[in-house]
Amino acid sequence: MSIPERDWQTATALLSSSRDVVLACHVAPDGDALVSMLALGAALRRSGVRVCASWGSSPFEVPDAYSFLPALDLLVPTEQVPAAPELLVTLDTGSADRLGVLVDRVSTSAAVLVVDHHPSNTLYGTAHLVDPDAAATAVVVAELLDRLGLPLDPEVATALYTGLVTDTGSFRHASTSAHVHELAARLLATGIRHDLISRAIYDTQSFGYVQLLGDVCARAVLEPHAVGGLGLTWTVVEGEDLARHGLGLADVEGIIDVLRTAREAEVALVVKYDPEDSLYKVSTRSKGAVDVGEVCTALGGGGHRFAAGFTSYDDLPTTLDIVRGALAGAPHLPV
Ligand code: AMP
Ligand code: MN
Ligand code: MN
């Protein structure tokens, strides 16, 4: 499903006529969310637009893995986001509540352009560039920049390439299309250091993380009869684990990528305690036989078919019971 031409026209008209733009992404931003803001922000700023970018959760810190990204000076702390922007552009944010404490800006902004690729997008806001087939929001941003006549210089290219790498799992997930590789080729042609990008994102961890990974994987549980017999593996990262190793939630995003390699389980699940908000964040991945996006959307979260999440205000046993029940009832897809 590609984006209708009239949506492109609305979006480019909005951006071409705005001199003051606020960018926002989902809480606890991942690579795609961050870079989609930074790429669009850097390109707009260069064309003379006043632009700032933020998100509505604490800590307001760029995860270490992304500290190499360009244009980080576009970021302003949540409380400095203008109260009533002329144009708010949300990026990689499937529903208004995912803006966290910035959710009110959806009603206080004169216009709200939603740039996203989540199938679960609720089409909040006043204008939409939503393509569920796009491998990353960064892919939609790249086309937007092309249509605005803004160049893909090395700064913008570094950001967009990072979005491609993070949301395709280094060009491994099913979402990796010919278009993704074509875009990657254009970005590499600007001379960016893709080797340093991949090393920063995937191959650089603190020793504390390596130890935490060991702890968390050692306590992983395999439930072969779960998910209607397709198998489930799960583990938990408690607040004490983070505290013991001096880590934050953003540092432990990669655990699910280790857990999901277990052949015996169709679905992998990491339950992570969020010490800021005293709740659990649940990450899920499937190998293609279960639409975890639907399961998580039904549980109040969202995401993609094979990578999704939700927030749980219950304790660990209850959280697990709820998700086990939802997974048991999920239809099995042909693979
Ligand atoms: P994660 O497991 O945090 O890497 O998230 C995988 C996908 O699910 C991403 O596209 C997230 O945006 C989405 N997602 C995770 N948690 C939530 C949530 N609580 N509500 C909506 N979408 C979520
Ligand atoms: Mn995201
Ligand atoms: Mn994304």
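This is a predicted model: local features need pLDDT of at least 70, side-chain atom pairs count only at pLDDT 80 or more; totals for chains, interfaces and linings use all residues.
Residues are numbered from 1 along each chain as its sequence is written, and chains are lettered from A and ligands numbered from 1 in the order in which they are written. Local features need pLDDT of at least 70, side-chain atom pairs count only at pLDDT 80 or more, totals for chains, interfaces and linings use all residues, and side-chain values use heavy atoms, with hydrogens and water left out.

**Exercise 1.** Which residues coordinate the manganese ion (ligand 3), and which parts of the chain does the pair D32 and D167 tie together?

*Solution.* 
1. Donors are N, O and S atoms within 2.8 Å of the metal (3.2 Å for Na, K and Ca); water is not among the atoms, so sites may look incomplete.
2. The manganese ion (ligand 3) has D32 (OD), D92 (OD), H117 (NE2) and D167 (OD) around it, at 2.2 to 2.3 Å.
3. Along the chain these donors are spaced D-x59-D-x24-H-x49-D.
4. D32 belongs to helix 2 (residues 31–46) and D167 to helix 5 (residues 154–167), so the pair ties together parts 135 residues apart in sequence. Helices (H or I, at least four residues) and strands (E, at least two) are DSSP runs, numbered from the N terminus.
5. D32 has 0% relative accessibility and counts as buried (under 20% relative accessible area, 1.4 Å probe, protein chains only).
6. D92 also coordinates the manganese ion (ligand 2), which is 3.9 Å from the manganese ion (ligand 3).

**Exercise 2.** Which side chains have a polar atom close to an oxygen atom of ligand 1, and which strand gives the most residues to the shell?

*Solution.* 
1. The side chain of H118 has an N or O atom 2.9 Å from an oxygen atom of ligand 1.
2. For R285 the corresponding distance is 2.9 Å.
3. A polar side-chain atom of H304 is 3.3 Å from an oxygen atom of ligand 1.
4. The protein buries 81% of the 480 Å² that ligand 1 exposes when taken alone (Shrake-Rupley method, 1.4 Å probe).
5. Strand 9 (279–286), strand 10 (302–303) and strand 11 (307–312) each give two or more residues to the shell.
6. Strand 11 gives the most, with five residues.

**Exercise 3.** In what order do the six strands of the open sheet lie, and which are the edge strands?

*Solution.* 
1. The order is 6-7-8-9-11-10, with mixed pairing; two strands pair if DSSP finds at least two bridges between them.
2. Strand 6 (221–223) and strand 10 are the edge strands, each pairing on one side only.
3. Strand 6 runs antiparallel to strand 7 (residues 232–237), and three bridges join them.
4. Within this pair, E223 stands opposite L232 of strand 7.

Key
Buried means under 20% relative accessible area, exposed over 50%, partly exposed in between (1.4 Å probe, protein chains only). A polar contact is a pair of N or O atoms within 3.5 Å; within protein, one must be able to donate a hydrogen and the other to accept it, and residues adjacent in sequence count only if both atoms are side-chain atoms.
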